[in-house]
Amino acid sequence: MSIISCRELSKRYGKVEALRSVSFGVEGGELFGVIGPDGAGKSTLFRILTTLLRADSGQATVEGLDVVRDCRAIRSRIGYMPGRFSLYQDLSVEENLHFFAAMFHVTVRENYALVRDIYRQLEPFRARRAGNLSGGMKQKLALCCALIHKPSVLLLDEPTTGVDPVSRRELWEMLARLRQQRITIVVSTPYMDEALRCDRIALMREGAFLKIETPEGIIAQFPQTLWSVQGDPKYRLLKDLRRHEDVIAAYAFGDAHHATVRSERITPLQLEENLKMLGYLNVEVKKIQPTIEDCYMQLTGT
Ligand code: ADP
């Protein structure tokens, strides 16, 4: 049985359809990622699963408990880290942790083993006010506070947004360790590269799930041929690529452009020649493996 199960969840705020009939299940011990840009509906979904918000229609259960009927029972089983920093800024690191433990009628000592690896990094700052911690340290403390009552399900809403790259990596390493302890984790992120850290992901846009799959599965199902195209000047190159009869779609991607092509009609070398004839410098065209971001672009048609 799925640990989290959602069936046709919908939620609107006035004219905005924040969730549009979302259905999915998360298995026990799974690290499940909800990936989508700002405004996709991730927080709305998390708020419904954590019993803080009611869906307009549809059903959701966590460990078989209904998010509306059994909201109190669910709250003691889940750990939740909201997108916005939610700890008490005026309390110290240590005080925050003890406060959250007390709220759930447990002591820090009895569940310390679960947070030890993370808390160790916070220990030098344990008397510091939470409001004066760096972004990465705040996230570590928030994770400790979400874990201290030993939840079986952890819901983390954009834990890496606005966090430096080293802290981002550390956070994912911590999640991998928690997963080894069979804690079911649902995590949202707008960073497509983080999708590869998850067992399965849901790609989300405008309140709907576009696809639910393993990251490898999504990449393997990419239906087109993808090339990386370099050349200067870059902006004009993108416009010319989009006009090219053998290019299906082209978009800027870091230093290069990515283009899906009708590869039965043209080779990378031929496109290189075409572009050189048009006066482009430093031209290089090569076939590449799609990333999750390419898959997202293809699925959304953007
Ligand atoms: P995400 O977490 O992916 O950024 P949200 O769930 O926060 O997405 O928002 C989904 C959509 O719902 C957005 O268009 C957002 O502006 C809108 N929205 C979210 N909360 C409210 C609210 N309380 N009132 C009105 N609109 C909201």
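## Trp172 and its surroundings

Leaving aside neighbours within four places in sequence, W172 is in contact with E194 and R197; two residues count as in contact if their C-beta atoms, placed from the backbone, lie within 7 Å. W172 sits in helix α6, which covers residues 165-180. Helices (H or I, at least four residues) and strands (E, at least two) are DSSP runs, numbered from the N terminus.

P159 is 13 residues away from W172 along the chain, and the C-alpha atoms of the two are separated by 9.5 Å.

## About the model

This is a predicted model, in which local features need pLDDT of at least 70 and side-chain atom pairs count only at pLDDT 80 or more, while totals for chains, interfaces and linings use all residues. Residues are numbered from 1 along each chain as its sequence is written.

## The whole chain

Of the 302 residues, 39% are buried. Among contacts in the chain with a separation of 6 or more, 69% are between residues 24 or more positions apart.

The chain is divided into domain 1 (4-219) and domain 2 (223-300), with bounds that come from an automatic or database domain assignment. Taken over C-alpha atoms, the centres of domain 1 and domain 2 are separated by 37 Å.

How many residues of domain 1 are in contact with domain 2? Ten residues of domain 1 are in contact with eight residues of domain 2. On the side of domain 1 that touches domain 2, β9 (200-205), β10 (208-213) and α7 (215-220) each supply at least two residues. The largest share, three residues, comes from α7. The residues on this side of domain 1 divide into eight nonpolar, no polar and two charged. Here Ala, Val, Leu, Ile, Met, Phe, Trp, Tyr, Cys and Pro count as nonpolar, Asp, Glu, Lys and Arg as charged, and the others, Gly among them, as polar.

## Around the ligand

Which residues surround the ligand? They are Y13, V16, A18, G36, D38, G39, A40, G41, K42, S43 and T44, where a residue is near a molecule if its C-beta atom, placed from the backbone, lies within 6 Å of it.

β2 (16-26) and α1 (42-49) each supply at least two residues of this shell, and α1 gives the most, with three residues. The shell divides into four nonpolar, five polar and two charged residues.

Strands of a sheet pair through backbone hydrogen bonds, either parallel or antiparallel. Two strands count as paired if DSSP finds at least two bridges between them. Strand β1 (residues 4-13) is joined to β2 by seven bridges, and Y13 stands opposite V16 in β2. Y13 and V16 are also among the residues surrounding the ligand.

Elsewhere, strand β3 (residues 31-35) and β9 pair in the parallel sense over four bridges, with F32 opposite R200 in β9. β9 also pairs with β10, in the antiparallel sense over five bridges, and I201 has E213 in β10 as its bridge partner. β9 and β10 form a hairpin with two residues between them, and E206 in the turn has a positive phi of about 50°.

## The sheet β12-β13-β11-β14

Another open sheet has four strands in the order β12-β13-β11-β14, and the pairing is antiparallel. The edge strands are β12 (247-253) and β14 (281-287), each pairing on one side only. On average, neighbouring strands of this sheet are turned by 20° against each other, direction ignored.

Helix α9 (residues 268-277) lies across β11 (225-232) and β14, running at about 160° to β14. Axes are lines fitted to C-alpha atoms, for helices over the stretch in contact, and angles run from 0 to 180 degrees between N-to-C directions.

Note on methods. A residue is buried if 20 or more other C-beta atoms lie within 10 Å of its own, exposed if 12 or fewer, and partly exposed in between; C-beta atoms are placed from the backbone.
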